[in-house]
Each structure stands twice: as C-alpha cells, then as structure tokens.
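Okay, everyone, thanks for coming. Let me put the structure up on the screen, and then I'll walk you through it.

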2 protein chains.
Amino acid sequence: MKVVALAGGVGGAKLADGLARILSPQDLTIIVNTGDDFEHWGLNVCPDLDSVCYMLAGFNNTVTGWGRADESWNAFEEIKKLGGDDWFRIGDKDLATHLMRSGRLRQGVRLSQVTAELCNRWQIRPAVLPMTDDPVYTWVQTVEHGLLPFQQYFVQHGCRPRVSGFEFRGAQDSKPAPGVIMAIDEADMIAVCPSNPMVSIGPILAVPGILDALRRKKWVVAVSPLINGKAVKGPAAKMYEELGMQPSSLEVAKHYRGWVHHIFIDAVDQDLAGSIRALGLDVSVGNIMMSAAEDRIRLAELVLNTVPNTLSGLS
Amino acid sequence: MKVVALAGGVGGAKLADGLARILSPQDLTIIVNTGDDFEHWGLNVCPDLDSVCYMLAGFNNTVTGWGRADESWNAFEEIKKLGGDDWFRIGDKDLATHLMRSGRLRQGVRLSQVTAELCNRWQIRPAVLPMTDDPVYTWVQTVEHGLLPFQQYFVQHGCRPRVSGFEFRGAQDSKPAPGVIMAIDEADMIAVCPSNPMVSIGPILAVPGILDALRRKKWVVAVSPLINGKAVKGPAAKMYEELGMQPSSLEVAKHYRGWVHHIFIDAVDQDLAGSIRALGLDVSVGNIMMSAAEDRIRLAELVLNTVPNTLSGLS
C-alpha cells in the first residue's frame with residue numbers, strides 16, 4: 001500500500017516516523033511544508049524538513065523538540081559575542097546541515113535534490129519531498145506587529161502576538177516539487193499528520209495543483225493536532241481562538257472538510273464525534289498522543305488500518 | 001612612535017602580538033596579507049587576518065598554530081559525514097567568525113570595515129587592516145599540478161608540490177584598503193614580520209601603491225623568517241630551494257633589498273651578517289625564535305630599539 005504523508009513540525013515528524021517504521025521505504029512519500037523556511041546567518045534554514053529528517057534519522061533532539069540530539073552551541077555562543085542574531089539558535093551539528101544545503105542551493109541545485117542528497121547521507125529511505133522548490137514564505141498577520149515572517153512570529157516573538165491571518169507569499173507562482181503530484185496520484189491513501197492546519201498543512205495546500213490532486217483521492221485520513229482543545233505543541237489552539245474559533249478537533253474537521261474523509265480524534269474529545277460525522281467525515285476515537293516511539297507506530301498502524309481493503313487493493 | 005607591521009601567518013601574528021603588548025594601540029597598525037583568502041563551505045575565510053586577530057585576542061590555538069583555542073569540531077564532523085569538503089578544517093568557534101564576516105560582506109560592507117567590527121568585539125585595540133578590500137588571490141605554480149589556489153597548495157596538498165612561481169591574481173587592479181597608505185606615511189618605522197617573503201609579504205607588496213609608500217620610509221626593519229636555512233613554520237625554505245635559491249637569511253635580505261634597511265637574523269646565522277651588510281642592509285644578530293609570549297615582547301622591543309632617536313622624534 002502506497003502512502004503519502006503531509007507533514008509540518010514535530011507532530012508531523014512523529015507520525016511520519018511511525019509510518020516509516022511500518023511501511024516499505026518505496027511505499028512512503030512525505031511531503032513537507034517549506035513555508036517556514038528562512039535565511040539566518042546567511043544560510044538557508046528549512047525547519048520542517050529538518051524536523052522530519054532528524055526524526056527519521058533518529059538523531060532529533062527530544063528535549064528541545066527541534067534540532068539535533070547531543071548538540072553543542074559553540075558557534076552560536078561566539079556569534080552572540082560578535083553581535084550576531086541570537087533569537088534563533090542553531091547548534092553546531094545542525095549548522096552543518098544548513099551549510100551543506102546552502103552551498104548546494106547556491107550551486108543551482110534544487111531544494112528537492114539537495115534534500116534527497118541529505119537523506120541519502122543520513123540513510124533515510126522513504127522519499128522526503130519539499131512541497132515546492134520555489135520560494136514560498138509564510139507571513140503571519142498580527143494585531144501588535146503587523147505582518148511578521150513566520151520565524152519571527154514563532155521564535156523571536158514566541159507566538160505571543162495575536163494572529164489575524166496568514167499569507168503564503170509566492171505560493172500562487174509556485175509549482176509542486178518534482179514527484180509531489182505523482183506520489184499523490186499513485187498513493188492508496190493520504191495521511192495528514194497532526195501538524196498545524198493553518199501554518200503547516202495550509203502552505204502545502206496553497207501550492208497550485210496539490211489540493212486538486214488531493215481532492216482526486218478516495219482515502220485521506222487526518223490526525224487532529226488538538227487534544228481537549230489544546231495543541232500538543234505549538235500555537236494551533238491559540239491561533240484558532242484569536243481567529244474567533246473554538247479550538248477543538250471539530251474546528252480541525254471543518255478546516256479539512258471537502259478533501260479529508262476520516263479524522264482521528266483523541267478519546268477525551270469523543271463527544272465531538274457526532275458533530276464531526278455530521279460534517280460528513282468518518283471519525284476514529286482513541287489515544288492520539290505520541291509520547292514514545294511505540295505510540296508513533298501504534299498510531300501509524302491505526303491510520304493505515306482505516307483504509308478499506310477494496311481501496312488498498314489488499315484482500 | 002608610530003609603527004606599521006606587515007604580517008602574514010603565524011610568525012607575523014607573533015611579532016605583531018609582541019608589538020601590541022608594548023605600543024599604545026593608537027600607535028600600531030598591522031597590515032595583513034589577504035592573498036590566502038578563499039571561499040570554503042560558501043563562507044569567506046581569511047586565514048592570515050584570523051591568525052593575527054586570534055593571537056591579539058589571546059584565543060589562538062597554540063597547539064595547531066591556526067584556529068582557536070578550546071575548539072570543537074562538531075559542524076566539521078557532520079559536514080564530513082554529508083560528503084562536504086573536509087580538506088580544510090574549520091572549528092565550531094572559528095565558524096562563527098566566517099559566518100559573521102560572510103554575512104557582512106554579502107551586505108556590501110568592505111572587508112576592512114568588517115575586520116574593524118570583529119576587532120572591536122574581540123577588544124583588539126591596534127588597527128588591523130587587510131592589505132586591500134579588493135579580491136586578490138595567490139596562486140602557486142607547481143611542477144606536478146600546474147597552478148593551484150594557495151590554500152589548495154598549502155592545506156590540500158600539504159605544500160608537497162614543487163613550486164616554480166606565484167601569481168597574485170587581481171593584485172594589479174586592487175587598491176590598498178582605506179588607511180593603509182596613510183598608516184605607512186605616518187609611521188616612524190615599518191616592521192616586516194617574520195612571515196614568508198614570497199606568499200605572505202609578497203602579495204602585500206603587489207598591491208599598487210604599497211611598495212611605493214614603503215620606499216618613501218626611512219626606517220624599515222625586517223625579521224628573517226629563516227633560522228639556519230629552515231623556516232620556523234611553513235614552506236618558505238622549501239620554496240627558496242625549489243626556485244633555485246639557497247634558503248637562508250641572506251636570500252631573505254636579497255629579497256627585501258631596496259626597501260628594507262635593517263634585518264634581524266638569528267645568532268646561528270651570524271656568519272651571514274657580513275654578506276648581508278655588503279648588500280647595504282644593517283644587521284642585528286640575536287635570538288629571533290619566538291616560543292613564548294615573553295619572546296614576542298623581547299623581539300618586538302629589539303625591533304623598536306633599532307630606530308635612531310633622530311628618526312623617531314624621541315630624544
């Protein structure tokens with residue numbers, strides 16, 4: 001069974017990792033948000049691609065939730081002393097990724113190709129694809145500071161400003177990265193990882209052609225990023241509130257209605273199941289929290305098992 | 001008494017440091033070779049500027065002779081794993097320098113200005129000036145590999161290829177960095193540090209206007225980089241041999257004849273003093289080896305004391 005996962009930050013990386021531990025590598029393609037990408041210290045930083053890759057390679061930092069395990073901060077500390085930007089921390093090992101990527105991009109190599117090269121070195125076998133090779137930048141419209149580039153909102157301002165909207169600049173002129181549409185077309189199912197629907201999944205859908213391809217699919221399963229109205233990590237719940245919505249898995253289902261067929265919500269939210277089914281989505285209720293690697297595998301299995309045998313070609 | 005020092009690699013950095021420990025900061029300007037500069041991992045690396053600055057800041061690596069003390073190699077090790085260039089090692093702290101410098105240069109700031117900013121942060125008070133803000137690249141003509149960029153000859157090939165000549169590409173179109181000619185014009189004496197005459201001092205002299213300014217000076221003192229026909233560090237002796245010359249302080253004196261008035265040679269080379277005086281240079285004989293900081297200060301004092309009172313304005 002061929003699967004495409006759509007992923008953003010840490011939650012996305014976790015379910016992608018669970019899927020990678022079950023599926024044959026050639027059967028899994030992970031399409032990753034690049035709207036968070038930015039330039040820092042003159043380097044091209046791709047936070048979501050790195051979160052997914054570091055998790056799949058097994059050297060993600062489980063304490064911080066970003067960056068690499070067993071990290072040192074010697075370059076960062078020196079850059080601070082030199083008056084450099086210190087609002088975004090890059091560890092020494094992490095720096096190697098950005099240096100290599102930036103060097104290859106400067107040579108004219110496309111991000112999807114550079115990502116494949118990095119994955120090859122890190123012995124990551126499923127395909128990890130940026131949503132696009134073109135520059136797409138997520139900007140956050142805030143009440144206090146106007147429009148902010150995503151990382152400034154997210155890291156520099158610690159998600160504190162109130163959000164009133166988003167822009168995915170460059171999206172309308174972007175093309176899906178090579179392989180993205182083909183992977184979606186060939187997939188037996190699409191898994192929408194528990195990533196922020198607005199700023200992780202949203203930019204992927206904003207790349208022309210991707211949502212159309214998803215709408216052609218018969219089996220799209222999402223895992224809600226909210227449990228009991230709260231995000232496991234990140235500002236999703238806060239954003240829903242500031243945009244005038246009640247943060248809950250029901251809101252996520254409304255968000256995804258029209259192209260997602262089935263949603264996983266947590267057992268604590270089971271009273272929402274009826275309202276979600278009324279929207280036309282199937283619902284699975286269970287423990288969707290992924291704390292340890294076993295949780296990722298368990299949830300990935302549940303997600304894969306939603307697919308009717310008639311669709312997956314299995315009998 | 002105002003002093004200008006011309007410096008290249010480690011020997012240059014050592015005498016410059018000795019001078020900096022004696023003179024008032026406003027009385028010392030160090031003009032540094034930039035012919036060794038190159039791009040590595042997409043960053044602008046300036047080995048000689050860094051050798052001088054790290055020494056003056058007191059955090060140079062005394063074990064390797066280059067780079068920073070208490071260094072870690074985590075980015076380097078990761079870059080190696082990713083298949084990146086590993087023939088030139090950059091430590092994590094050192095990396096911060098190149099990242100900051102590259103960022104500022106990309107913003108259009110001149111190298112001399114960036115160097116001043118770094119020195120300010122490192123609390124280096126004498127002026128450290130690159131010879132030029134323009135791109136000048138030392139190429140080494142070798143028997144085995146043809147023309148090699150300096151760092152490839154020096155580091156990648158470990159100075160093994162036989163040398164038949166040098167090119168300082170871009171030199172004829174370069175201009176001295178702001179302050180270089182003024183510092184020379186205002187100096188009471190010029191100290192030519194014990195750097196490689198061909199590839200450390202040579203490129204400085206190749207910048208149009210610098211040699212002319214030096215020729216106008218009444219007191220130019222050099223310290224030989226050779227002791228008993230051997231370089232304290234680096235390929236100077238090997239280069240003289242390969243170019244068909246007998247490596248010795250006499251050869252250095254011949255090299256500098258016409259603009260250097262006085263040369264310091266080591267006591268073991270005292271039998272060369274007569275031949276050097278016959279070339280028209282004054283000679284001081286003594287211990288010119290700089291092992292510890294005290295040696296740097298002692299040698300710097302000897303160099304400064306060569307200046308006749310009538311020239312220095314002291315009475």
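This is a predicted model: local features need pLDDT of at least 70, side-chain atom pairs count only at pLDDT 80 or more; totals for chains, interfaces and linings use all residues.

Residues are numbered from 1 along each chain as its sequence is written, and chains are lettered from A, with ligands numbered from 1, in the order in which they are written.

So, how is chain B laid on chain A? You turn it by 180°, with a shift of 0.0 Å along the axis, and you get an RMSD of 0.0 Å; the superposition is by least squares on C-alpha atoms of residues with pLDDT of at least 70 in both copies. That's the relation of a two-fold axis. Both copies use the same surface, too: 100% of the contact residues of chain B recur in chain A. And within chain B, the residue whose C-alpha comes closest to the rotation axis is Asp92(B), at 3.2 Å.

Now the contact itself. Chain A puts in 22 residues and chain B puts in 22 residues, where contact means C-beta atoms, placed from the backbone, within 7 Å. On the chain B side, α3 (74–81), α4 (92–106) and α5 (111–121) each supply at least two residues; helices here are DSSP runs of H or I, at least four residues, numbered from the N terminus. The most comes from α4(B), with 9 residues.

Where they meet, 10 residues of domain 1 of chain A are in contact with 8 residues of domain 2 of chain A. On the domain 1 side, α8 (197–206) and α10 (236–242) of chain A are the elements giving two or more residues.

Last stop, the core. The largest nonpolar core has 197 residues, and Ala5(A), Val192(A), Ala5(B) and Val192(B) have the most contacts inside it. By nonpolar core I mean buried Ala, Val, Leu, Ile, Met, Phe, Trp, Tyr and Cys residues joined through C-beta atoms within 7 Å, and buried means 20 or more other C-beta atoms within 10 Å of a residue's own. Beyond its neighbours within four places in sequence, Val192(A) is in contact with residues including Leu6(A), Ile201(A), Val220(A) and Tyr256(A).

Notes: A residue is buried if 20 or more other C-beta atoms lie within 10 Å of its own, exposed if 12 or fewer, and partly exposed in between; C-beta atoms are placed from the backbone. Two residues are in contact if their C-beta atoms, placed from the backbone, lie within 7 Å.
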